[in-house]
Amino acid sequence: MSISSAFRLEPHEAPVAAAERAKRLIDPGFGRVFTDHMAVIRYSDAEGWHDAHIGPRGALPIDPASSVLHYAQEIFEGLKAYRQADGGTALFRPHANARRFRDSARRLAMPELPEALFVESIERLVAADRDWIPEGEEGALYLRPFMFASEVFLGVKPAAEYLYMVIASSVGAYWKGGARPISVWVSRDFTRAAPGGTGAAKCGGNYAASLIAQKEAIGQGCDQVVFLDAAERRWVEELGGMNLFFVHADGSLVTPPLTGTILPGITRDSLLTLARAEGMAVREEPYAIDAWRADAVSGALTEAFACGTAAVVTAIGTVAGADGRFTVGDGGIGPVTQRLHRALAAIQRGQAPDPHGWVHPLGS
Ligand SMILES: *Cc1c(COP(=O)(O)O)cnc(C)c1O
């Protein structure tokens, strides 16, 4: 379908008043302040992609037999629109999210939304809700595209009908109280993804499987859980929703390779590219949990950090597990972590040149 011309705009009849919106944007936190609109595109085997529109954000009537409620055919994405130094608005690498969304769809046996439609749905939603981007250093509009099986049928098979939507959330700093190193708990009992499973797809099911380990981490006084590989319980993979990096005393940067059980983060990819462009020695190679401890204790490892769209870069100060705890470096935010974080954030916000063509301006 020539959906571009078919994208309808149904503006909200009673959007949140400017004064109330300003109040909500003072301290939005993460993921609890939502905008006036949402993007919707329907899919059915019979009609293909259709009924694309931007409409008022609101609750969905959902049939109790909708297959997503039973068999969890659901995928999602996460990206941000940033206010730019020049006053405009821009998305960061939306085509990379579009491609990953297609990859996730394929793994979950769902229809693949064309890349151009994915990007257009986001562009149009941000255009409608641009005023919801908070001012301030960490402010952004977090976009959450997602798709789920909406067919009313209890038989087990890939559904014949889907709903694709994008909602937007005004966000400030991801961590309450501002940037600080986090503590992580190494889960020995639970794994997130196994070879041949859905670890590389961004699907809700991966998160559902990770929550008990995240709960255990909180119970141990830690902020986040670290997952090891499912086969050997030896190799460090990632957090529940962020990729991991290690900085060594020899100046090299290491991150686990994408072997199918790790989510291919766009922040991960961007940091690898920035570090290589800086001339850093960068390696995508397995890193064992025992090596993490030994290297941190000996001083061969100086920094570790996690990364993802929501929090961008977060230093890891302490690592705890069944066999005790250790500190990385001096437990603070290390210089390489800080430098890479600043370099990426400056590009995202149009405060630095964009040599890799990552910034996708939206016009004003
Ligand atoms: C989304 C996600 C990431 C980070 O990906 P970005 O594209 O950098 O936001 C890392 N791990 C998991 C499990 C994720 O779902």
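**A loop residue, the fold and the ligand site**

Modeller: D189 is located in the loop that runs between β10 (182-186) and α6 (204-219). Please bear in mind that this is a predicted model.

Biologist: Is D189 buried or exposed?

Modeller: A residue counts as exposed when its relative accessible area is over 50%. For D189 the relative accessible area is 55%, so D189 is exposed.

Biologist: Which residues is D189 in contact with, leaving aside its neighbours within four places in sequence?

Modeller: Contact here requires heavy atoms within 4.5 Å. With neighbours within four places in sequence set aside, the contacts of D189 are E216 and R233.

Biologist: How far apart in space are D189 and F227, C-alpha to C-alpha?

Modeller: In sequence, D189 and F227 are separated by 38 residues. In space, their C-alpha to C-alpha distance is 9.6 Å.

Biologist: Turning to the whole chain, does the radius of gyration agree or disagree with that of a compact globule?

Modeller: The protein chain fills a box of roughly 60 × 50 × 35 Å, taken over C-alpha atoms along the principal axes. A compact globule of 364 residues would have a radius of gyration near 21 Å. The protein chain has 21 Å, so the two values agree.

Biologist: Among contacts between residues at least 6 apart in sequence, what percentage joins residues at least 24 apart?

Modeller: The chain contains 9 helices and 19 strands, and buried residues make up 53% of its 364 residues. Of the contacts between residues at least 6 apart in sequence, the share that joins residues at least 24 apart is 71%.

Biologist: How many residues of each class form the shell around the ligand?

Modeller: The ligand is surrounded by 15 residues, and the closest are K202, Y207, E238, T267 and T309. By class, the shell has 4 nonpolar, 7 polar and 4 charged residues.

Biologist: What percentage of the ligand's accessible area does the protein cover?

Modeller: On its own, the ligand has 380 Å² of accessible area.

How values were computed: Residues numbered from 1 in each chain as written. Predicted model: local features only at pLDDT ≥ 70, side-chain atom pairs only at ≥ 80, totals over all residues. Heavy atoms only, no water. Near = heavy atom within 4 Å. Areas by Shrake-Rupley, 256 points an atom, 1.4 Å probe, with all protein chains shown as cover. Nonpolar A, V, L, I, M, F, W, Y, C, P; charged D, E, K, R; others polar. Helix = DSSP H or I, 4+ residues; strand = E, 2+ residues; numbered from the N terminus. Rg over C-alpha atoms; globule rule 2.2 N^0.38 Å. Buried < 20%, exposed > 50% of the residue type's maximum accessible area, 1.4 Å probe, protein only.
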